[in-house]
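I opened this notebook to record what I looked up in one structure.

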Amino acid sequence: MFESLQERLGSILNGLTGRGALSEADVSAALREVRRALLEADVALEVVRSFTDKVREKAVGAAVLKSIKPGQMVVKIVHDELVAMLGEEGVAIDLNAPAPVVLMMVGLQGSGKTTTSAKIARRLTERQGKKVLMASLDTRRPAAQEQLRQLGEQVKVATLPIVAGQSPVDIARRAVQAGKLGGHDVVILDTAGRTHIDEPLMVEMADIKKMSAPHEILLVADSLTGQDAVNLAKSFDERVGITGLVLTRMDGDGRGGAALSMRAVTGKPIKLIGTGEKMDALEEFYPKRIADRILG
Ligand code: GDP
C-alpha cells in the first residue's frame with residue numbers, strides 16, 4: 001500500500017528541499033503536483049481539496065518562504081497535515097459501558113467482517129482477559145454462521161449456538177441475552193453484508209442497532225476499494241451511525257486512497273487495520289507511521 005504515492009510525493013518534495021529559496025509560485029506548482037498525486041492514489045476529491053488548501057495556507061506565509069530551509073518547512077507542513085487528515089493516534093475500541101458491551105460489525109460482503117470479528121475477539125480475550133461471545137447475524141449466506149463458529153473454535157472464543165430459521169434481529173436478541181446470562185464482558189455481532197448498499201440492508205442494520213444498543217458500531221471496509229469505500233462509509237454513517245472504522249487488506253497493494261480519505265470524510269477514527277488473513281494480523285492504526293512511510 002502507498003508505494004506509488006510515496007514515490008510521487010517523494011520526488012515532488014525532494015524538488016522543494018533541494019533548493020535554497022522558494023517563491024509562492026514554486027509552492028503552488030508543487031501543490032498542484034501533490035494534488036494530482038493524491039487524486040491518482042484515489043483520495044476523495046473533497047479531501048484532496050481541503051488538504052491542499054490547508055497546506056497552501058500554512059506554507060505560503062512569508063515566515064516559511066523566508067526561512068533558512070523553506071523546502072524542509074513545507075515538507076513538515078505536508079507531513080503534519082497528512083497526520084491530521086488520518087486522525088488521532090491509536091483510538092482503542094471503547095468498552096466503557098455496562099457488560100455485556102455490544103460491538104456491532106457492519107460492512108459489505110467480503111470486506112472482512114467475519115475475519116475481523118474473530119481477530120478482535122481473540123485480541124480482547126488474549127490481551128485484555130475479556131470473556132467474549134460472538135454471533136453471526138448473517139442468515140442470507142448459509143455458510144456464514146458456520147464460518148464464524150469455526151473461527152471461534154480456532155481463536156478459542158465462544159460463539160452463539162446456531163438456530164435455524166431465526167431472523168437477524170432474533171439472533172441479536174438471543175446473543176445479548178446469552179451474553180448477560182453467561183457473564184460475558186463483550187458480545188460481537190457479525191452482521192450480514194450485501195454486494196452493495198441497498199435499502200433492505202440499511203433497514204436491517206437499523207433494526208439490529210435498535211434491538212441490541214451497541215456501544216460501538218464498527219464499519220469494516222476493504223482498503224483496496226478506493227472511492228467506493230468512501231461512499232460506503234458516508235452512507236453507513238448517515239444511515240446507521242458508525243463509531244469507528246476498521247480497514248482491511250492493508251497488506252495489499254492498493255493505492256491507499258480509501259485509507260487516506262475515510263477518516264476525513266466521516267470524522268470517525270480508524271481504530272484498527274487488518275494486515276493479513278491470519279488471526280493475529282490486526283494492528284492499531286498509527287497515523288504518524290503512515291505519514292512517515294508515505295513521505296519516506
Ligand atoms: P465478510 O464477508 O465481510 O465476513 O468477509 P470475510 O471475513 O469472510 O473475509 C473475506 C476474505 O478476506 C477472507 O478470505 C479473509 O481471509 C480475507 N481477509 C480479511 N481481512 C483481511 C486482511 O486484512 N488482509 C487480507 N490479505 N485478507 C483479508
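The entries below follow the order of the look-ups.

**Basis.** I worked on a predicted model, in which local features need pLDDT of at least 70, side-chain atom pairs count only at pLDDT 80 or more, and totals for chains, interfaces and linings use all residues. Residues are numbered from 1 along each chain as its sequence is written, and side-chain values use heavy atoms, with hydrogens and water left out.

**Annotation.** I found that UniProt, in an unreviewed entry, places "domain: SRP54-type proteins GTP-binding" at residues 269-282; the positions follow the numbering used here, the feature names are shortened, and annotations may be inferred rather than shown by experiment. I read 0% helix and 43% strand over residues 269-282, with the end C-alpha atoms 16 Å apart. Helices (H or I, at least four residues) and strands (E, at least two) are DSSP runs, numbered from the N terminus.

**Cores.** I took a nonpolar core as a set of buried Ala, Val, Leu, Ile, Met, Phe, Trp, Tyr and Cys residues joined through side-chain atoms within 4.5 Å. Buried means under 20% relative accessible area, exposed over 50%, and partly exposed in between (1.4 Å probe, protein chains only). The largest core has 75 residues, of which L189, L219, F236, L260, M262 and I294 touch the most other members. Helix α5 (residues 70-86) gives the largest share of this core, seven residues. Another core, of 23 residues, lies apart from it and includes L95, V101, L151 and I188.

**D185.** I located D185 in the loop between α8 (168-181) and β4 (186-190); at 27% relative accessibility, D185 is partly exposed. Leaving out residues up to four places away in sequence, D185 is in contact (heavy atoms within 4.5 Å) with A99, P100, V101, G129, K130 and K131.

**Salt bridges.** I counted 20 salt bridges, each a side-chain nitrogen of Lys or Arg within 4 Å of a carboxyl oxygen of Asp or Glu.

- R173 and D170 pair at 3.4 Å, N to O. They are three residues apart in helix α8, and so about one helical turn separates them.
- E216 and K271 pair at 2.7 Å, N to O. Because E216 lies in strand β5 (residues 216-222) and K271 in strand β7 (residues 270-274), the pair ties together parts 55 residues apart in sequence. Both E216 and K271 are buried.
- R249 and D222 pair at 2.7 Å, N to O. R249 is partly exposed at 34%, whereas D222 is buried at 14%.
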